[in-house]
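Here is a short report on one structure.

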Amino acid sequence: MQNDHEGSALRKAPQNVANYKMRPTLDEVFKTQSIRDIVREIVQEKLQGKVYNVDDAGQWSRDIADTVNVTVKERLLMPRYKYVVQVMMGQQMGAGCHYFAKCYWDVESDSHTSFTYTNPTLFCVCTVFGVYLY
């Protein structure tokens, strides 16, 4: 004969049921405009008054990318997003330049934003990609 204690334990629902989110909630989605504002603020702060120098451009690009990545994570609540920050910088020489990026992703949850900065001696394109992790 089974006692009541054992029977009640068998009837309990498991407490550790996995809860998978397939999409971000509305307040967790990739915040395109807020991220673009952060990128604009950082790029303008870092490059204001700078004159292009090939020896410094690499460090400026790394500094911008690192600062954007940390600032987006600190200021915005977007759990389960992986960020990729890409910075391209070059000297203004009067020639044209095309910037192209291609990604395979979920159009309902993944996104990107980009900001372009120019002054008389340099241009900088900073793009932030956000990919939602299921």
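A residue is buried under 20% relative accessible area, exposed over 50% and partly exposed in between, with a 1.4 Å probe and protein chains only. The model is predicted: local features need pLDDT of at least 70, side-chain atom pairs count only at pLDDT 80 or more, and totals for chains, interfaces and linings use all residues. Numbering starts from 1 along each chain as its sequence is written, and side-chain values use heavy atoms, without hydrogens and water.

**Sheet and helices.** Helices (H or I, at least four residues) and strands (E, at least two) are DSSP runs, numbered from the N terminus. Strands pair if DSSP finds at least two bridges between them. Three strands form an open antiparallel sheet in the order S1-S3-S2. S1 (81-91) and S2 (111-118) are its edge strands. Eleven bridges join S1 to S3 (residues 122-132). Helix H2 (residues 32-47) packs on the sheet and touches S1, S2 and S3. Contact means heavy atoms within 4.5 Å.

**Aromatic rings.** Rings of Phe, Tyr and Trp (its six-membered ring) pair if their centres lie within 6.5 Å; planes under 30 degrees apart are stacked, over 60 edge-to-face, the rest tilted. The whole structure holds four such pairs.

Phe30 and Tyr81 are both buried. Tyr132 is buried too, at 2% relative accessible area. Tyr81 lies in S1 and Tyr132 in S3, so their pair ties together parts 51 residues apart in sequence. Phe30, Tyr81, Tyr132 and Tyr134 make up one aromatic cluster.

How values were computed: Axes fitted to C-alpha atoms, helices over the stretch in contact; angles between N-to-C directions.
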